[in-house]
Amino acid sequence: MYLYRPYINNPIQDGHPIGDMMLYPNLQNREAKRYSMFSAIVAEKIYNYWDRIGDLIATYFPDLIKPSAADFARAIDIIPKSYQENANNQWLKNFKENQYKELNTKRRQYVHYKTADTQFKHEHLMKSTDIVEMEKLVFDRNDLADYYKEQHKLTLLGFEKTMLLIEAITEKTLNDI
């Protein structure tokens, strides 16, 4: 996404007057199309990563969740009360309620309803003469690469928190070994 971002068309730069107003056309180029495509792919892959983390956590509680029903959110929700005060569990739960929820909302939108490209086009059509709204729209599109970079950092931190939580679970459940 970072490789394509500098070359994405910018409706503001392509703006031209029509009568007494400005029109900001979306002259989409190949780079913008690919940028949008990769934003959907990255959302799906990060979601898949967290789904695997959910599978891993669920293996420690086979009596509480079926492997076929395990995903990240459900796995976090079934963690027994005895681990609720664990700082790593609290981090994972907070992540699930905030950043993961936002990521999953984006992913669900891209996969089941509208791609980022279609969403941009629809919003653009509604705001094609409003410079303030156009600036916000262009900023939000360009910011997706940074958003996913931050999500990537969270996967690394989340993996660490998951391993530390599993270590605490193992110490408690296998202390007789």
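How many aromatic pairs does the structure hold? I counted eleven aromatic pairs.

**Ground rules.** I am working with a predicted model, where local features need pLDDT of at least 70, side-chain atom pairs count only at pLDDT 80 or more, and totals for chains, interfaces and linings use all residues. I number residues from 1 along each chain as its sequence is written, and side-chain values use heavy atoms, with hydrogens and water left out.

**Rings.** I call rings of Phe, Tyr and Trp (its six-membered ring) a pair if their centres lie within 6.5 Å; planes under 30 degrees apart are stacked, over 60 edge-to-face, and the rest tilted. I looked up Tyr 49 and Trp 50: their centres are 5.4 Å apart and their planes stand at 85 degrees, so this pair is edge-to-face.

Are these two buried or exposed? I use buried for under 20% relative accessible area, exposed for over 50% and partly exposed in between (1.4 Å probe, protein chains only). Trp 50 is buried at 0%, while Tyr 49 is partly exposed at 27%.

I also found both in a cluster linked by ring pairs, together with Tyr 47, Phe 72, Trp 91, Phe 95 and Tyr 100.

**Charges over rings.** I look for NZ of Lys or CZ of Arg within 6 Å of the ring centre and within 35 degrees of the ring normal. Arg 107 lies over the face of Tyr 47, 3.8 Å from the ring centre. Arg 141 has its charged end over the ring of Phe 120, at 4.2 Å from the centre.
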